[in-house]
Amino acid sequence: MSETTGKKSERFSTVVTVLIAVVSTVIALVASQAAVASGDATEAQHNGVLAKINLERVDGGSWTQIARNRRAFNDYRVNRDLYSLTFDYITQAEAEGSSPLGTRLRLEAAGQLEESNGAYRFIDSGYLIADEAGEYVGLDEPNFINDKRQTAAIYQDIDYDDNFADANRFRTEGLYLGATLFVWFLSLMFLTWAEITKSALRWVWLAAGVLIALGLVAAYVVSGMISALGLG
Amino acid sequence: MSAETEPERRDLFKNSVIVMLTLVSVFAALVTFLQNYASLSSSDLAQRSSFSAVDATGLYFRSGLTAAQGTDVLQRYQEFVQRSVRADTKARALRMGGEAALAAEYDLEADRWRQAADRVATSDPLLAEFGQDLAWYNEELSRDAYREEEKEHTLLEQSRVWSSKANGYVAVLSSLSVALFLAGLSLTLSSRLRYLLALSALGLTLACGAWVLAILFSPVPVVPDEAIERFVEGRIQYTLATSRGEDGSGSLDAFDAALELAPNYGRALFYRSLANTDSTLLAKHLDTQQAIDDARRAIELGNHTSPVYGNLGWLYYLNGQYRSALEHTERALEMSGDDCYLAFNHGLIRLALSQPEAARDAYTVAIDCAQRESSDAVFNYYMDVGVTDLVELAAARPDLGDTLNPAIERLKEALAQVRLYGMLQDAEVEAKFGSISFGGAVDSGDIVQDLASEFPQSATIVYAQLTFENVKPESRWLTRWVLDGEEYLSRAYDSWIYGESGTTWISLYNYGGLTSGTYTLDVFVEGQLVTSGQVTVLPGDLPPMTYFSSTGVGVTISYPTTWNVTDLADNEVSVVAARNPASADFFGVTAWVASTGTDEDVFQLFDLYLDALEQDREGFSAEAREAFTLAERDGWLNYYEYTNASGELIQGALSGVVDADSLLTYIVVIEARDAEWDEQVEMFNVMLERMTIDQ
């Protein structure tokens with residue numbers, strides 16, 4: 001009887017020892033995966049900031065060009081306004097019988113029109129916005145910026161959203177693995193207690209350790225499936 | 001009995017330690033999770049802070065470009081306004097010569113350019129919404145950038161706290177590993193030492209538990225968006241105030257509001273401290289103690305930067321706490337050795353502590369810094385501000401006696417040497433100068449007359465008498481007039497032409513009238529200060545004025561510095577006019593060839609002008625002409641009034657005189673809105689008195 005009990009006890013101890021070894025190995029694996037996920041999160045976020053820097057660089061160049069366009073457009077529009085304004089006064093001067101003034105103003109108006117046309121040549125005319133009467137009233141700056149971004153995107157990463165989404169995913173994964181690591185340690189704790197307990201209580205500890213471990217494995221499988229099916 | 005009990009005890013001890021080991025391991029796993037969480041949070045916040053920094057940089061860039069565009073439009077607007085003014089001035093001048101038809105054409109021109117200006121005025125927010133206030137416009141454009149910059153700072157601050165938590169957890173983990181080691185070691189021993197080791201392990205674990213709780217519940221500073229909004233508003237108000245030369249007290253309410261929402265908002269504390277910082281010792285009026293408390297709190301909250309320490313050093317100086325001032329200024333200097341203002345403050349504080357040797361070394365560093373790091377203009381600024389601070393310290397601390405004079409002379413001479421030679425250059429000078437006396441006139445023997453140390457606001461010239469000996473002809477010398485701490489006039493000369501010994505004079509003039517204030521005159525020979533003196537122009541009702549000499553018209557007129565001048569001479573008319581851009585104030589002078597050389601010429605031109613006004617303007621009436629002295633000649637004056645195109649009642653006066661030498665008739669037209677006429681009359685009289693005929 002005592003020999004049988006001794007053998008049973010030895011077998012129990014062997015099984016628990018094996019389980020402790022397995023759980024310890026899993027802990028090491030999970031810890032390494034958690035560290036990798038944390039590292040990936042940091043790297044993805046860093047890449048996101050780099051993409052933002054690229055974007056600002058591209059936008060900076062675009063805004064400089066917009067400033068040039070605005071300047072040329074202002075020259076164009078003001079001189080055009082002056083031209084029409086001067087023409088009103090030509091009419092008025094000539095109506096009041098001042099032909100010399102009318103002549104001088106006509107010359108001036110011609111100059112204003114020339115300057116307006118000259119300024120127009122420096123505008124990226126594809127981005128001009130016209131009103132209902134066909135008069136240009138401004139520049140389509142949002143589209144200008146977008147077009148420049150589209151061109152730049154061929155050569156460099158300027159979209160940071162995906163990087164930050166990745167960073168969030170990796171961070172969540174790292175924290176999730178870190179949390180399960182804690183639970184693995186609980187399992188290890190119960191298995192260790194099972195190993196050192198001589199009474200029937202050892203079965204309770206064994207059951208607790210094994211159930212926790214199985215629960216974790218089930219959780220990994222379910223989350224893996226959710227992730228694989230793209231539901232997460 | 002005892003032999004059986006011992007193994008049982010050992011088993012109990014062993015099992016207890018193993019249980020403890022497992023519990024410590026689980027606890028360590030929990031701490032590892034917390035450390036990982038803190039570390040990830042810190043990294044996340046740091047990267048988000050970097051993102052905001054990049055975003056803020058882009059926003060600053062964009063606001064700069066938009067502001068530049070606004071400046072372009074403003075420039076164009078002012079050009080159109082000036083064209084309108086020029087045409088209007090010419091129209092008025094032509095009317096004086098009876099050229100009513102031609103004047104009407106220029107009226108049309110003035111109207112055209114005014115309309116063009118009005119159209120431009122609506123095309124940019126700088127003109128349409130910000131009243132041409134470029135500083136205000138710039139600040140409003142920068143609002144988004146400021147907001148993003150604040151996010152950058154607050155996120156970084158949070159990142160620091162999370163990083164500190166992560167580091168704390170790492171330290172806990174290290175301690176737990178020691179606990180595990182001790183517990184494990186206890187299992188290998190059979191002596192009673194094992195109990196001690198096990199208990200040590202248990203104690204260390206319990207301490208780690210308390211430590212983790214402390215870390216876990218230590219707060220992470222959160223600054224609500226509303227607090228950031230308030231701070232940004234305060235920052236804008238503070239920057240605007242300083243750009244206008246005012247103190248920052250107007251921004252205090254906004255900073256108070258920000259701090260009410262986030263009491264541990266370090267940057268708001270720093271900025272409130274700045275807003276409560278006086279720039280000068282003698283004019284101290286802000287809450288210095290509050291500023292000190294805020295700066296100290298900002299440092300406690302982790303804002304260990306050179307601006308905070310530097311400003312705190314200055315605040316302690318203002319408060320007379322020189323030891324603390326020195327400590328904090330030196331701390332700031334350690335961080336930012338190239339920030340020259342700190343080096344100057346360092347020297348100043350050393351002198352306040354009666355440490356002249358250390359102060360000399362500090363000023364050597366300061367002057368070197370200013371020369372190395374600054375443009376000539378900023379170098380001059382540093383020297384002048386340095387002198388002003390020293391002069392104020394001397395006034396506030398009479399007990400320091402003459403100990404400040406060497407430093408004052410040194411700063412002045414450094415400026416003079418750089419001005420004369422382009423570098424610091426010490427030289428032995430044998431020349432001796434006596435003290436300077438000031439006067440309002442000079443006689444034929446070059447002796448200054450009407451000696452005084454104070455002059456009325458009407459003064460246009462002040463003479464300074466110099467007495468000297470042993471001055472070599474090849475000496476390079478420089479005179480420098482400083483008005484209330486800022487350079488007013490400086491002249492450098494390559495040689496001395498007044499003999500080895502004797503007297504001579506130099507003068508300070510402004511035909512528009514000397515600006516009120518206290519002038520310090522310094523005379524340098526070979527970069528060494530040889531004499532110095534002070535003279536005061538008393539305040540009065542007149543605004544700061546300047547002058548303009550028109551070669552076309554042949555007169556010099558004086559006018560307020562805020563007015564604009566139009567000077568034109570062509571085959572139709574010669575006119576010079578000064579006008580207030582903010583009102584209808586007008587002061588114009590025309591010159592006409594006299595036909596008789598008598599007063600009849602004046603009367604004829606008066607009549608032509610008044611007739612033209614009567615014809616063109618509503619509500620015209622004129623008084624009888626009266627005798628009047630103009631440009632020190634006997635002339636005439638004729639008041640009139642009319643209603644302009646805008647429906648405003650305009651008061652005016654014509655003044656005229658014939659210059660017998662040149663056979664030219666000069667006509668002056670003065671106009672102002674009826675409501676402003678009385679308050680402007682005194683200034684118009686001064687402008688008439690100061691007008692001179694040059695040809």
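Contact is defined here as heavy atoms within 4.5 Å. By this criterion, 42 residues of chain B are in contact with 48 residues of chain A. The structure is a predicted model, in which local features need pLDDT of at least 70 and side-chain atom pairs count only at pLDDT 80 or more, whereas totals for chains, interfaces and linings use all residues. Residues are numbered from 1 along each chain as its sequence is written, chains are lettered from A in the order in which they are written, and side-chain values use heavy atoms, with hydrogens and water left out.

The area buried between chain B and chain A (the accessible area, with a 1.4 Å probe, that two parts lose on being put together, summed over both) is about 4,100 Å². Carbon and sulfur atoms give 65% of this area. Seven salt bridges are counted between the two chains, a salt bridge being a side-chain nitrogen of Lys or Arg within 4 Å of a carboxyl oxygen of Asp or Glu. The side chains of Asp55(B) and Lys52(A) meet in a salt bridge, with an N to O distance of 2.8 Å. On the side of chain B that touches chain A, the elements giving two or more residues are α1 (2-96) and α2 (100-121) of chain B; helices (H or I, at least four residues) and strands (E, at least two) are DSSP runs, numbered from the N terminus. The most is given by α1(B), with 31 residues. By class, this side of chain B has 19 nonpolar, 12 polar and 11 charged residues, where Ala, Val, Leu, Ile, Met, Phe, Trp, Tyr, Cys and Pro count as nonpolar, Asp, Glu, Lys and Arg as charged, and the others, Gly among them, as polar.

Chain A contains five helices and two strands, arranged along the sequence in the pattern α-α-β-β-α-α-α. Its C-alpha atoms fill a box of roughly 140 × 25 × 25 Å, taken along the principal axes. Among contacts in chain A with a separation of 6 or more, 73% are accounted for by residues 24 or more positions apart. Buried residues make up 38% of the 232 residues in chain A, buried meaning under 20% relative accessible area (1.4 Å probe, protein chains only).

Within chain A, Asn79(A) lies in helix α1 (residues 2-95). Asn79(A) counts as buried because its relative accessibility is 7%. Not counting residues up to four places away in sequence, Asn79(A) touches Gln112(A), Glu115(A) and Ser116(A).

Methods: Buried means under 20% relative accessible area, exposed over 50%, partly exposed in between (1.4 Å probe, protein chains only).
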